[in-house]
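Me: I am new to this structure. Please show it, then take my questions one at a time.

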Amino acid sequence: MKKFIYIIFALALTPFVYSQATLNGNMSFNGKNFRITTVYTESETAYEIKAMHEGQEYITKFIPNPALKQIKILSQTPSGNLEHSYSMNEVTVEENLSTEGLMARKTEETKTIAGVTCTKILAQTKNGNQAEIWYYDNGFPIDKYKDIYKSDIAVQALSALGLNGIPMEVQLTNAEGYSLMSISTREFSKTADSSFLK
Amino acid sequence: MYTCILNITMRRIFTLILTVLSLQTFAQIANVGIGTNTPHNTALLELSSSKLGFLPPRLTDVQRDSIQNPALGLTIFNTSDSTFQFWNGTCWIRSFMEDCNDCLFNMFLSDTAGTIDRTLTDSVDFNITVNSLNGSQNNIGIFTIHNLPVGVSVSISNPIIYGGTGTANIQIVADIFATAGTYPIAIQAICGSTVKVLLYELTIDPCYYVPVTQNQNIYDLQAANNLPGVGTPICVVMDVLAGAQITSNNPANAAYTSGGLDPQSHVGIRNYGSFVARGGNGGAGGNLQTFGMPGQNGGDAINMTCRHTYLNNTNGYVLGGGGGGGSVGLSYSVSVPVVGNLGFGIGAGGGGGAALGVGGNPTTTIQYWQAGQNGGAGPNALGGNGGVINTPIPFSISVANITLTPNVAGGNGGNFGVNGTSGNLSVNINISVSIPLVGTVNVVNTSVPNPPLANFPAGGTAGWAIRRNGFPLQGIPSGYYQTSFIKGNVN
């Protein structure tokens, strides 16, 4: 009986535990390359980028807060650590990254990225940007972040398609075919350090 | 004894009687000769001697004037003025006079010789005094006759002495460039047909002569020519010949100075060449807390340590150094996301003044710096412009995008005789963070200095064309000049 209760309890927790993930990969953005780490707990996420500038490392962590519609920026800089928070009212999306008029389509195509099977989504926006998105359906409620990740075409596409899960690979190009942003995942772990989100 | 005296008296009486009888006889024969038996038939009396003279009555003025109703033509020898005089019915008239109103005066000079050394003095003067001797009040004109060299002038204080009696002052001035020597000057007093002349002897002492034929740097007249120094005042004529430039490579030093000459010395400069002062350096960078550095003052072209006379000839230049432009600078630091402390220094050097002022450069490393231009060289040089930074400076650190939009200009170096200017600086700082996947947040948008600064470090003051230092200067009136050949202050 006790064992049964444990099983039931474990099954009840399964969806939450299942959505935990830690992704390490690379991001290309605004013509620069960063190492990116994204952490997903059961219902929260944050990411961190690392960049080198003139031989010095700059680590910046972005922690969105959907409830407050804020984003917190924790900066580890050569001159010290800083913390800033900005309301989403202060954040603007540049025209070239706008997801306005998004049209997304889930394909049947899959591939394995960092050990997990991902499904391909194609998306297009009004400004002519096109995206190829590979996501991993781990049940993470990504839709929760659509009002913060305004320029993340992957989040917007998954949300538009009513899909849970996490983007594992994104290629965003403009109408001329130039890359605007790309994210690739090299390492995937189904665990998450909750302290990362603080 | 008594008989002897009687005989003598009787002899004199006898002689007198004979004389009277003889004169009665001569009157009957119409004329008389003494010392001659044949008096001229037109003469009533002819005196003839090879040993003796005719001696008329000798009277003083007082004795003469005591004669009551003198006969027309009555003649005397006046012992008061040693002249023959006769009564013309109106006045006692001198033998050489035409009438009672004719001029009769004497004339005296207070000095009959003088020397101009052109060191302690450039002039001599003396008085001429005339006195009417016969009561005539005719005016007397005073004149000079001479052949003095160029640069020597003679002036008479009152060339007409009214009433025939009075004093005039005659002044002779020799400039430092006049040829030395000794010259006679005839001093004339003319009244009617009467002319009196006295001689005055003028001596003009020589000066040292220094020709400058080649370019010179920081030229010290006394030291360069081993001239006598303090304690021995001298006069020196310096010719700066065409093509020779007297310059300075240090704005703290004038291009030319009379140096250690005695302060009572006198220097004459004939300039066919150039005195070109060094321009001040443009303000350098380094002290960004004070928003820059002042420009350096320009140098002087001529620095006097004694009296000077300046004669500028065609194409002779005297050019005070232009002041260096002030530099501008700013250091700024702001704490921003992603980056942390973002600090930068920005500034621009002042332009160098004419001539050869060096454009300002930073004394420490300043991230964004534009040096000022150097001032030009030679008499036609212009001041250098201050450095300018007005192109936006974009850069990024990680996902932070920084754009500095500067409006930075160092002060311009002054042209010859012109102060350097101050510069200006403002920088708009725009920092945004492109949050990947989210959007862009603008974290800094400000202009510095805030509030804007009205007065940045000043440009340097222009050097002077001629700095008198209180000594007299002849040839150029004091004032500020911007002519083709003289630029800068003279005072």
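Reply: One term comes up before we start: a strand is a DSSP run of E with at least two residues, and strands are numbered from the N terminus. Keep in mind that this is a predicted model.

Me: Which peptide bond is cis with omega near 5°?
Reply: Look in chain B, at the loop between β34 and β35 (466-467), where B:Pro451 is found. The cis bond with omega near 5° runs from B:Asn450 to B:Pro451.

Me: Is B:Ile218 buried, partly exposed or exposed?
Reply: B:Ile218 is found in the chain B loop between β17 (216-217) and β18 (219-220). Phi there is near 50°, a positive value in a residue other than glycine. Buried needs under 20% relative accessible area, and exposed needs over 50%. B:Ile218 has 29%, so it is partly exposed.

Me: Is B:Leu437 buried or exposed?
Reply: B:Leu437 has its place in the loop between β33 and β34 of chain B. Its phi is near 75°, a positive value in a residue other than glycine. The cut-off for buried is under 20% relative accessible area. B:Leu437 is at 8%, so it counts as buried.

Me: How many residues of chain A are in contact with chain B?
Reply: Contact means heavy atoms within 4.5 Å. Chain B brings 20 residues to these contacts, and the number in chain A is 34.

Me: How many salt bridges does the rule find across the interface of chain B and chain A?
Reply: The rule asks for a side-chain nitrogen of Lys or Arg within 4 Å of a carboxyl oxygen of Asp or Glu. Across this interface, the count is zero.

Me: What space lies in the largest cavity?
Reply: The structure holds three cavities of 30 Å³ or more. For the largest cavity, the space is about 180 Å³.

Me: Which element gives the largest share of the lining of the largest cavity?
Reply: The lining has 19 residues, and A:Thr38, A:Tyr40, A:Pro167, A:Ile183 and B:Leu437 lie nearest the centre. By class, 13 are nonpolar, four polar and two charged. In chain A, β2 (32-40), β3 (45-53), α2 (153-160), β11 (166-173) and β12 (179-189) each supply at least two residues. The largest share is four residues, from β11(A).

Me: What strands of chain B each supply at least two residues of the lining of the second largest cavity?
Reply: This cavity has a volume of about 50 Å³. Its lining residues include A:Phe29, A:Glu94, B:Ser434, B:Ile435, B:Gly439 and B:Thr440. By class, the lining divides into four nonpolar, six polar and one charged. The strands asked for are β33 (424-435) and β34 (439-448).

Terms used. Residues numbered from 1 in each chain as written. Chains lettered and ligands numbered in written order. Predicted model: local features only at pLDDT ≥ 70, side-chain atom pairs only at ≥ 80, totals over all residues. Heavy atoms only, no water. 1 Å grid on protein atoms, 1.4 Å probe; cavity = no way out; pocket = protein on both sides within 12 Å on 5 of 7 lines; lining within 4 Å. Points joined across faces, edges and corners; volume = space filled by probe spheres on them. Nonpolar A, V, L, I, M, F, W, Y, C, P; charged D, E, K, R; others polar. Buried < 20%, exposed > 50% of the residue type's maximum accessible area, 1.4 Å probe, protein only.
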